[in-house]
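Here are a few friendly notes to read alongside the model. They follow one theme, the charged side-chain contacts.

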Amino acid sequence: NINISIDGGSTVALVGHSGAGKSTIINLLPRFYDPKEGQVCIDGQNISEISLSSLRKYISLVSQDIILFDDTVKANIAYANLNASEDQITKACDFAAASEFIEKLPQSYETIIGENGIKLSGGQKQRISIARAILKDTPIILLDEATSSLDSDSEQKVQNAIINLTKNKTTLVIAHRLSTIIRANKIFVVNQGKIIDMGTHSDLLQSSSIYKNLYSKQLSSN
């Protein structure tokens with residue numbers, strides 16, 4: 001029983017306790033699974049009526065579970081756009097605040113990073129994932145807990161990279177850290193599979209007891 005509308009070019013956040021249904025909502029967009037009832041439309045077009053490859057070509061996903069290959073840094077980033085030039089890859093890394101650590105690696109962009117990026121830290125893996133999304137340059141961005149496991153220094157760098165990534169894009173973001181979503185144009189509060197409140201950060205602090213509670217817990221744990 002969820003009915004939401006998102007303006008193109010805006011940033012929308014989904015907040016709620018673990019298991020509320022936030023990732024489920026986001027996973028419907030690239031059709032990791034399909035709804036049993038109802039429909040998901042982009043620009044008025046039902047996404048179940050178009051091919052998966054066509055749909056996913058226009059969506060970038062940055063999540064806490066990053067898939068990296070036992071290959072070079074460059075190959076891992078270029079996976080998003082196999083026709084990208086070296087200049088495009090470098091610029092994507094600059095925007096993702098990734099160049100600084102890549103250039104310090106033993107063979108810079110040609111460094112083999114190991115299976116699932118085992119030779120990199122959590123923050124470094126996230127920034128490679130964001131560089132990949134910047135290089136793909138899609139109109140729709142999905143961010144699922146993209147800063148969940150980072151230390152504060154890495155989180156700040158990743159936050160700045162996310163700001164660059166999402167500029168002028170339609171963005172859906174899930175975050176336990178509310179600092180990530182305060183800037184959102186609209187926030188949906190999800191509870192037990194339902195949208196129970198919506199509004200801006202300041203609206204919800206006034207009107208939503210669940211949101212206010214989540215925010216208070218964040219403040220006390222920081």
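**Notes on the salt bridges**

1. Lys 74 and Glu 86 join their side chains in a salt bridge, at 2.9 Å from N to O. Because Lys 74 sits in helix α3 (residues 73–78) and Glu 86 in helix α4 (residues 86–95), this pair ties together parts twelve residues apart in sequence. A salt bridge here is a side-chain nitrogen of Lys or Arg within 4 Å of a carboxyl oxygen of Asp or Glu. Helices are DSSP runs (H or I, at least four residues), numbered from the N terminus.

2. A word on the source: this is a predicted model, where local features need pLDDT of at least 70 and side-chain atom pairs count only at pLDDT 80 or more, while totals for chains, interfaces and linings use all residues. Residues are numbered from 1 along each chain as its sequence is written, and side-chain values use heavy atoms, leaving out hydrogens and water.

3. How accessible are the two partners? Lys 74 is partly exposed at 23% relative accessibility, and Glu 86 is exposed at 56%. Buried means under 20% relative accessible area, exposed over 50%, and partly exposed in between (1.4 Å probe, protein chains only). A network of salt bridges links Lys 74, Glu 86 and Glu 110.

4. Within helix α4, Asp 87 and Lys 91 are four residues apart, so about one helical turn separates them. Their salt bridge has its closest N and O atoms 3.3 Å apart.

5. Asp 34 and Arg 31 also form a salt bridge, 2.9 Å from N to O. Arg 31 is buried at 18%, whereas Asp 34 is partly exposed at 41%. Across the whole structure, the search finds five salt bridges.

Conventions:
Helix = DSSP H or I, 4+ residues; strand = E, 2+ residues; numbered from the N terminus.
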